[in-house]
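Student: I'm new to this one. Can you walk me through it?
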Amino acid sequence: MSTDEETLARVALTWLAEPGTRSVHRLVDRLGPVGTLDLLLDGGAPDETLRATVAARTAAGDARAVAAEALARADRLGARIVVPGDDEWPARVDQLRELRLPGAYRRVDTETAPPLCFWVRGSSPLAEAFDRSVAVVGARAASGYGTHVATELGYGLADRDWTVVSGGAFGIDAAAHRGALNAGGVTVAVLACGVDRPYPMGNAALFDRIADTGLLVSEWMPGAEPLRPRFLVRNRVIAAGTLGTVLVEAAARSGATQTTHRALALAKPGMVVPGPVTSAMSVGAHELLREYPKARLVTGVAHVLEEVGRIGELAPVPRGPQRPVDLLDDDARSIVEVLPRRGAVGVDFLAARAGVAVRTALRKLSMLEELALVVRREDGYALAPPGGTGRTGRGRHGHDQPTHAGEEGRR
């Protein structure tokens with residue numbers, strides 16, 4: 001049996017039954033794609049729903065002829081078909097065999113089998129593009145905040161040689177794609193329609209840019225329409241093919257949250273960017289954080305890479321600018337703390353106020369002089385003048401020492 005026959009059969013099966021249909025996938029495992037196609041066309045589908053679907057499709061045309069025309073059309077478009085066993089096949093999507101969503105009852109949540117084939121437009125190898133990839137998804141009606149964050153994530157990930165994967169929609173998806181393109185990186189748009197008719201059409205120029213340097217990918221043959229359920233079916237590929245999914249913005253019932261649900265169900269990192277609690281576009285994102293303990297809050301590229309990168313690739317802990325006093329030991333810091341804002345005080349007074357021995361105070365004051373945090377005067381020690389490192393480096397607890405403290409020290 002030729003490889004061409006098997007490829008034709010896979011395309012025909014995807015036309016007869018929507019991608020993700022588990023009963024079809026089980027038959028392909030057992031009988032192969034050609035044997036499964038023969039069985040279905042002979043009316044031997046294992047369940048009534050599938051038999052009815054196949055009957056309806058075959059009434060509209062011959063499955064093999066439709067598949068052959070699709071392959072010819074793809075060739076004219078410069079697109080290609082990728083099937084399991086090809087060097088380009090992204091093996092990670094086969095994890096969908098194990099995907100089970102708790103409480104699922106709708107078809108889009110239960111029919112989550114791996115793809116039978118991919119249609120690909122673009123020169124990058126599909127498996128290589130998915131190998132180091134992160135999904136960035138979110139609301140179509142994105143806020144300015146969400147668009148900014150998605151663009152920064154897309155740019156930062158691509159700049160570090162990670163592929164940015166999304167769905168090509170308006171809003172967050174488009175911002176993530178553009179960020180990656182602006183960084184000169186690879187980005188992949190996983191579509192819910194044919195690669196020759198990307199949806200939405202308002203992003204046509206963006207899709208052309210993606211095809212030039214990245215990839216347009218779909219399970220549906222060229223010419224296929226962007227039907228609403230297909231977007232939800234498509235989301236499982238984004239979740240499974242990448243190493244983790246970042247949700248930037250999502251309303252209460254956003255389809256973007258479903259991609260993150262699928263990533264978490266596959267034991268992959270599901271990451272959420274927090275938004276304003278007053279924003280309707282962050283309600284779904286925040287609820288996902290509350291509902292799933294394994295979902296991780298991320299605020300930038302460093303956090304994302306900590307979740308999906310190599311072991312030990314940790315994000316830096318956010319810190320304010322380092323001050324000279326941050327390097328001091330406890331005794332030296334105590335002495336700086338009790339020095340008055342104005343005037344000078346004697347060593348005995350300082351030692352008593354700081355709770356250290358006089359000899360310790362003298363030793364620490366000498367060090368503080370070298371650091372230009374204090375100055376020695378005839379009447380004692382004082383903080384360094386304004387504009388010096390001592391003035392800006394000194395940490396206080398929200399209150400000032402009384403100005404007469406210096407007078408007490410001289411008594």
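Tutor: Here is a short tour, from the whole chain down to single residues. Keep in mind that this is a predicted model.

Student: What about contacts between residues 24 or more positions apart?

Tutor: Take the contacts with a separation of 6 or more. Residues 24 or more positions apart account for 75% of them.

Student: Okay, zoom in. Where is His177 found?

Tutor: His177 is found in helix H8, which covers residues 172–182.

Student: Buried or exposed?

Tutor: Buried. The relative accessibility of His177 is 0%, and the cut-off for buried is under 20%.

Student: Which residue does the His177 side chain join in a polar contact?

Tutor: Thr187. A polar contact of 2.7 Å joins the two side chains.

Student: What else does His177 touch?

Tutor: Set aside residues up to four places away in sequence. Then His177 touches Ser166, Gly167, Gly168, Thr187, Val188, Ala189, Leu206 and Ile210. Two residues on that list, Leu206 and Ile210, are in helix H9.

Student: So how do H8 and H9 pack?

Tutor: H9 spans residues 204–213. The two helices pack at an angle of about 45°, with their axes 11 Å apart. That angle makes H8 oblique to H9.

Student: Which way does H8 pass H9, left-handed or right-handed?

Tutor: H8 passes H9 in a left-handed crossing.

Student: Which residues meet there?

Tutor: From H8 come Ala174, His177, Arg178, Leu181 and Asn182. From H9 come Leu206, Arg209, Ile210 and Thr213.

Student: Which residues in H14 and H15 meet?

Tutor: Ser334, Ile335 and Val338 in H14 meet Leu350, Arg353 and Ala354 in H15.

Student: New topic: charges. Why can side chains pair up?

Tutor: Side chains of opposite charge can pair when their charged atoms come close.

Student: How many salt bridges does the structure hold?

Tutor: It holds 16 salt bridges. One of them is between Glu88 and Arg80, at 2.8 Å from N to O. Arg80 is partly exposed, at 23% relative accessibility.

Student: How exposed are Glu307 and Arg296?

Tutor: Both count as partly exposed. Glu307 has a relative accessible area of 23%, and Arg296 has 41%.

Student: What does Arg376 form a salt bridge with?

Tutor: With Glu369. The closest N and O atoms are 3.9 Å apart. Arg376 is exposed at 55% relative accessibility, whereas Glu369 is partly exposed at 28%.

Student: Which residues are joined into one network?

Tutor: Glu18, Arg57 and Arg230. Salt bridges that share partners join them.

Student: Now Leu264. Which helix is it in?

Tutor: Leu264 is in helix H11, residues 255–265. Its relative accessible area is 15%, so Leu264 is buried.

Student: What is Leu264 in contact with?

Tutor: Leave aside its neighbours within four places in sequence. Leu264 is then in contact with Gly270, Leu288, Tyr292, Lys294 and Ala295.

Student: And how far is the Leu264 C-alpha from that of Thr245?

Tutor: Those atoms are separated by 8.8 Å, and the residues are 19 apart along the chain.

Student: Last one: where is Asp42?

Tutor: Asp42 is in the loop between helix H2 (22–41) and helix H3 (48–58). Asp42 counts as exposed, at 68% relative accessibility. Its C-alpha atom is 9.9 Å from that of Val54, twelve residues apart along the chain.

Terms used. Residues numbered from 1 in each chain as written. Predicted model: local features only at pLDDT ≥ 70, side-chain atom pairs only at ≥ 80, totals over all residues. Heavy atoms only, no water. Helix = DSSP H or I, 4+ residues; strand = E, 2+ residues; numbered from the N terminus. Buried < 20%, exposed > 50% of the residue type's maximum accessible area, 1.4 Å probe, protein only. Polar contact = N/O pair within 3.5 Å; in protein donor to acceptor, adjacent residues only side chain to side chain. Contact = heavy atoms within 4.5 Å. Salt bridge = Lys/Arg side-chain N within 4 Å of Asp/Glu carboxyl O. Axes fitted to C-alpha atoms, helices over the stretch in contact; angles between N-to-C directions. Parallel < 35°, antiparallel > 145°, perpendicular 65-115°, else oblique. Left-handed = near helix turned anticlockwise from the far one by under 90°.
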